[in-house]
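Reader: Can we go through this one together? Start with whatever terms I need.

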Amino acid sequence: IFFTNYVMILSLSAFPGMLLQIVRLIIVKIKQKWLCKTLREHKEVVNAGPFNYGTKLPVQILVALLGFVYAVVAPLMLPFLVIFYALGYITYRYNSMYVYVPTYEGGGEIFNAIFNRTMLGIFLHQIVVLAILSVKKFTLSPLMVPLILATAFYWYYCNREYAPVAANLPREDCAEVQSSTDEQDFQQPSLHVPDEVTPEPFTGPVQPIRANDARMSISDERLHLIGNNNSAISIGTDSEQPQPVAV
């Protein structure tokens, strides 16, 4: 009776509160009114952050475990389990799309935790059913033994096939990472080979240029600027004499 009431109250009170989030709304309004001074602070207050798997996921797994174990002992719990997961699907789907801001990915590690605990619930459910049928002296109760062994084998098979995939990076992702990673990223900076030779910057003294009479040499070419009433501009080399051009 206790767990039936627990699931009933949890399904009818927890998810509406998660959708409304009245407490968080009040806290956000107070911070925006008196504490936030800049636009960045206003955005940080409104941001709800990522989905907290550590506090929300154990509740779902606990309800699933209770449903598996008490499905035969207390069938009255089953309708509330349906309501719980129906409202949970709507609530978490809405919050994941419009409220929570994902900042990381589990990389498949969360699937192993959910799968192992779900299989544990199924395994306990089958053992409870076998125990109840044995107490009732049901003649076909030994037929539950092959089902329990098949469940244990399936549990072992899935962990053997899929657990390494979650713990290691797939080959396709390895190839993509390797193709986008430069080998020089893992070398010392002194051993890096430059992709192209870049000219060294000029470090010599800089001579001031006068407006009327200035001379600047660039490699072998010379630029003469003579400023008078009748000024002339000429460009030439050492082998050529500058020719004045009247302006």
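Author: The expected span of a helix is 1.5 Å times one less than its number of residues. Helices (H or I, at least four residues) are DSSP runs numbered from the N terminus. This is a predicted model, where local features need pLDDT of at least 70, side-chain atom pairs count only at pLDDT 80 or more, and totals for chains, interfaces and linings use all residues. Residues are numbered from 1 along each chain as its sequence is written, and side-chain values use heavy atoms, with hydrogens and water left out.

Reader: OK, how far apart are the end C-alpha atoms of α5?

Author: They are 31 Å apart, which agrees with the 32 Å that the 22 residues of α5 (77–98) should span.

Reader: Which residues of α5 are buried?

Author: Met77, Phe80, Leu81, Phe84, Gly88, Thr91, Tyr92 and Asn95; buried means under 20% relative accessible area and exposed over 50%, with a 1.4 Å probe and protein chains only. They lie on the same side of α5, because they cover an arc of only 110° around the axis, taken from the directions from the helix axis to the C-beta atoms.

Reader: And what do they pack against?

Author: α1 (2–20) and α4 (53–73), where contact means heavy atoms within 4.5 Å. The face turned away carries the exposed Val82, Tyr89, Ile90 and Tyr98.

Reader: Different spot. Is threonine 151 buried or exposed?

Author: Buried, because its relative accessibility is 9%. Threonine 151 sits in α7 (144–167) and, leaving aside neighbours within four places in sequence, contacts Met119, Ile122, Phe123 and Gln126.

Terms used. Helix = DSSP H or I, 4+ residues; strand = E, 2+ residues; numbered from the N terminus.
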